[in-house]
Amino acid sequence: VWIVERDTRRVEVLRLVEAAYAAVAPAEDGWIPSAEPGLELRTHEALLELRRAGDPDSAVRLGPRGRV
């Protein structure tokens, strides 16, 4: 489950562990892995960033009006 706060773009990734959801901790660089789709997410400079896991060149930045 991805939770993105509308105004700040703060992101939280939750995964199902047994019968409850648990937050996934970000790596040192702030990227949070989301295993099923093979993506990583983070908030940077008030923008939501997404990329393919381990592929810095695939990063996309999203703001209030879409892709930046």
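Biologist: Which residues make up the largest nonpolar core?

Modeller: This is a predicted model, in which local features need pLDDT of at least 70, side-chain atom pairs count only at pLDDT 80 or more, and totals for chains, interfaces and linings use all residues. Residues are numbered from 1 along each chain as its sequence is written, and side-chain values use heavy atoms, with hydrogens and water left out. A nonpolar core is a set of buried (under 20% relative accessible area, 1.4 Å probe, protein chains only) Ala, Val, Leu, Ile, Met, Phe, Trp, Tyr and Cys residues joined through side-chain atoms within 4.5 Å. The largest one has seven residues in all: V11, V13, V24, I32, L41, L48 and L50.

Biologist: Which elements give two or more residues to this core?

Modeller: Strands are DSSP runs (E, at least two residues) numbered from the N terminus. On that basis, the elements that give two or more residues to the core are β2 and β6.

Biologist: Which residues does V11 touch, not counting those up to four places away in sequence?

Modeller: V11 is itself a member of the largest nonpolar core. Taking contact as heavy atoms within 4.5 Å, V11 touches I3, V4, I32, L41, R42, T43 and L48.

Biologist: Which residue of β2 stands opposite V4?

Modeller: Two strands pair if DSSP finds at least two bridges between them. Strand β1 (residues 2-4) and strand β2 (residues 11-17) pair in the antiparallel sense over three bridges. The residue opposite V4 is V11.

Biologist: What is the bridge partner of L14 in β3?

Modeller: β2 also runs antiparallel to strand β3 (residues 20-23), joined by four bridges. In their hairpin, with two residues between the strands, E18 takes a positive phi near 55 degrees. The partner of L14 is A23.

Biologist: Which element gives the most to the lining of the largest pocket?

Modeller: On a 1 Å grid over the protein atoms alone, a pocket is an open set of points where a 1.4 Å probe fits, with protein on both sides within 12 Å along at least five of seven lines, and lining residues have an atom within 4 Å of a point. The largest pocket holds about 160 Å³ of space. Of its 13 lining residues, the closest to its centre are V13, L14, R15, S34 and A35. With four residues, the element that gives the most is β2.

How values were computed: Buried means under 20% relative accessible area, exposed over 50%, partly exposed in between (1.4 Å probe, protein chains only). Grid points are joined across faces, edges and corners, and a volume is the space filled by probe spheres set on the points.
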